[in-house]
Amino acid sequence: MKFLKKFYIWEKKQMENPKTVLSVWVAFGVLFGIGIDNIGVGIAIGIAIGTALYTNKKKKLSNKD
């Protein structure tokens, strides 16, 4: 249980990094594309969502500073 709590805290900290968010959504897009049997569309969806969240996180980090 302690390991899962530590992993959750580490994961939460990693998701503050904009590049991590982008890569997670691209990976999700690939998996979604495999699921719908059209990998190109899945990657495009993953990149679109990931880029939007990447810029959003980047703006939040720059506003904090």
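Student: Which helix is isoleucine 47 found in?
Tutor: Isoleucine 47 is found in helix H3; helices are DSSP runs of H or I with at least four residues, numbered from the N terminus. The model is predicted, so to speak of a local feature a pLDDT of at least 70 is needed, and side-chain atom pairs count only at pLDDT 80 or more, whereas totals for chains, interfaces and linings use all residues. Residues are numbered from 1 along each chain as its sequence is written, and side-chain values use heavy atoms, leaving out hydrogens and water.

Student: Is isoleucine 47 buried, partly exposed or exposed?
Tutor: Isoleucine 47 is partly exposed, because its relative accessible area is 40% (buried is under 20%, exposed over 50%, partly exposed in between, with a 1.4 Å probe and protein chains only).

Student: And how far is isoleucine 47 from leucine 4?
Tutor: Their C-alpha atoms are separated by 29 Å, and the two residues are 43 apart along the chain.

Student: What about isoleucine 43, where does it lie?
Tutor: Isoleucine 43 also lies in helix H3. With a relative accessible area of 29%, isoleucine 43 is partly exposed.

Student: Changing topic: at what angle do H2 and H3 pack?
Tutor: The angle is about 160°, and the axes of H2 and H3 are 7 Å apart. Axes here are lines fitted to C-alpha atoms over the stretch in contact, with angles from 0 to 180 degrees between N-to-C directions.

Student: Why are H2 and H3 called roughly antiparallel, then?
Tutor: The packing angle is about 160°, and H2 and H3 are therefore roughly antiparallel to each other (over 145 degrees; under 35 is roughly parallel, 65 to 115 roughly perpendicular, the rest oblique).

Student: How about leucine 31, buried or exposed?
Tutor: Leucine 31 lies in helix H2. Leucine 31 is exposed, with a relative accessible area of 59%. From C-alpha to C-alpha, leucine 31 and alanine 48 are 15 Å apart in space and 17 residues apart in sequence.

Note on methods:
Helix = DSSP H or I, 4+ residues; strand = E, 2+ residues; numbered from the N terminus.
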